[in-house]
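Dear colleague,

Please find the structure below, handed over for your reference.

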Amino acid sequence: MTEYYDALETRSMDAREAGQLERLNAQLALWGKPELGALSELKDLPVLRKADLVALQAKNPPFGGVPVGDIAHVFQSPGPIYEPGGTSHDWWRLGRFLQACGIGAGDLVQNCFGYHLTPAGMIFENGARAVGARVLPAGTGQTELQARAAHDAGVTAYAGTPDYLKLIIEKADELGLPLKITKAAVSGGALFPSLRDWYTGRGIACRQCYATADLGMVAYESEAMDGMIVDEQVIVEIVTPGTGDPVAPGEVGEVVVTTLNPDYPLIRFGTGDLSAMMDGVSACGRTNMRIKGWMGRADQTTKIKGMFVRPEQVAALVGKHPEIARARVVASREGERDVMTVRIETEAQDPGAYAASIADVLKLKGEVELVAPGGLPRDGVVIEDARSYD
């Protein structure tokens with residue numbers, strides 16, 4: 001029998017809409033906006049885009065005038081963009097996802113999301129506490145130490161990007177360290193079917209959620225594995241990119257999210273991510289709408305190794321070196337790992353001369369490929385995602 005996080009997960013559509021409308025109008029009041037008579041009227045409000053929020057934060061730091069409530073942390077993500085964080089029960093709502101992963105009071109979670117500046121580490125730790133699990137705050141990197149800690153502490157669950165757990169397991173195998181990990185809660189990148197199958201072969205149930213630093217959790221997989229169920233504390237719309245107009249059911253469009261969090265009330269926040277609504281409800285019994293999961297970007301912004309790389313960052317890299325005519329970032333896969341290759345059009349001959357700038361501007365290390373002048377396509381693409389999601 002399925003165990004639910006709370007009664008909200010199985011309420012009727014009418015009860016959900018009434019409850020969300022009440023909370024939405026409370027959010028609008030914080031912004032000094034008039035009440036809505038129905039959730040369908042939400043489409044008439046403007047979409048708030050990340051670029052808008054960055055501009056607002058530049059004028060009114062750190063949160064751009066958003067009516068922030070009771071918070072405990074201030075985080076910085078690439079952009080830069082600043083997000084608040086709270087320490088109250090399940091502030092980012094990840095507990096619902098972790099419970100659906102079977103993680104609870106008997107588990108020790110190795111949390112391999114970053115704790116430095118960006119909020120992912122705290123987001124998952126807050127969720128783990130909400131379900132009563134203990135946390136090993138591992139952060140990123142130092143794979144050998146991660147493997148030893150997982151063995152020595154008796155870690156039973158992993159939280160982190162989809163591909164990093166495989167590196168830990170392979171390092172543990174190399175060192176002869178048996179692990180007890182049977183559950184994995186992943187986000188921050190695509191969970192490729194081949195990688196999920198690899199974990200299944202190791203006796204690990206791996207599920208993913210869709211969450212962002214600005215919004216917290218948006219949707220998550222359950223044991224039914226039939227799409228991603230939208231969280232109870234957000235309202236999700238799928239709209240035509242660039243317009244904010246809802247698409248027909250089943251069509252692919254941009255994910256626009258309204259959070260029902262009085263501490264950080266974002267109304268119609270455009271994520272730039274693409275997805276589509278699914279018909280019906282999940283076989284697990286949770287009754288909220290489902291989406292197909294991440295289906296690409298409405299712009300060229302691409303997540304590589306769990307970090308977004310944006311076109312403006314590529315432009316900044318070119319601007320740092322007068323001898324560079326243009327650059328193109330290519331995201332690919334090597335085994336089950338993301339690889340970033342930066343193709344630089346220049347007459348220069350030393351690829352190593354650009355390694356430091358790439359790490360500084362793109363916030364990731366990558367391979368460098370020098371291309372002769374005129375060697376890059378003139379197709380407008382500055383970030384190419386060459387990974388297969390089938």
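**The hairpin and its sheet partners**

Strand 18 and strand 19 form a hairpin with two residues between the strands, and in this hairpin Gly335 takes a positive phi near 70°. Strands here are DSSP runs of E with at least two residues, while helices are runs of H or I with at least four residues, each numbered from the N terminus.

Please note that this is a predicted model, in which local features need pLDDT of at least 70 and side-chain atom pairs count only at pLDDT 80 or more, whereas totals for chains, interfaces and linings use all residues. Residues are numbered from 1 along each chain as its sequence is written, and side-chain values use heavy atoms, with hydrogens and water left out.

Strand 18 (residues 324-334) and strand 19 run antiparallel and are joined by ten bridges; two strands are said to pair if DSSP finds at least two bridges between them. Within this pairing, Arg333 stands opposite Asp338 of strand 19. Strand 19 is also joined to strand 20 (residues 367-371), by five bridges, and these two run parallel. There, Glu345 has Val371 in strand 20 as its bridge partner. Strand 19 (residues 337-346) is mostly covered, since eight of its ten residues are buried, that is, under 20% relative accessible area with a 1.4 Å probe and protein chains only; exposed means over 50%, and partly exposed lies in between.

**Lys171**

Lys171 belongs to helix 6 (residues 164-175). With a relative accessible area of 21%, Lys171 is partly exposed. Apart from neighbours within four places in sequence, Lys171 is in contact with Thr143, Glu144 and Ala147, where contact means heavy atoms within 4.5 Å. From Leu28, Lys171 is separated by 143 residues in sequence and by 50 Å in space, C-alpha to C-alpha.

**The chain as a whole**

The chain has nine helices and 21 strands. For its 390 residues, a compact globule would have a radius of gyration near 21 Å, and the chain agrees with its 21 Å; the radius is taken over C-alpha atoms, and the globule rule is 2.2 Å times the number of residues to the power 0.38. The C-alpha trace spans about 65 × 50 × 40 Å along its principal axes. Buried residues make up 50% of the 390 residues. Of the contacts with a separation of 6 or more, 63% are between residues 24 or more positions apart.
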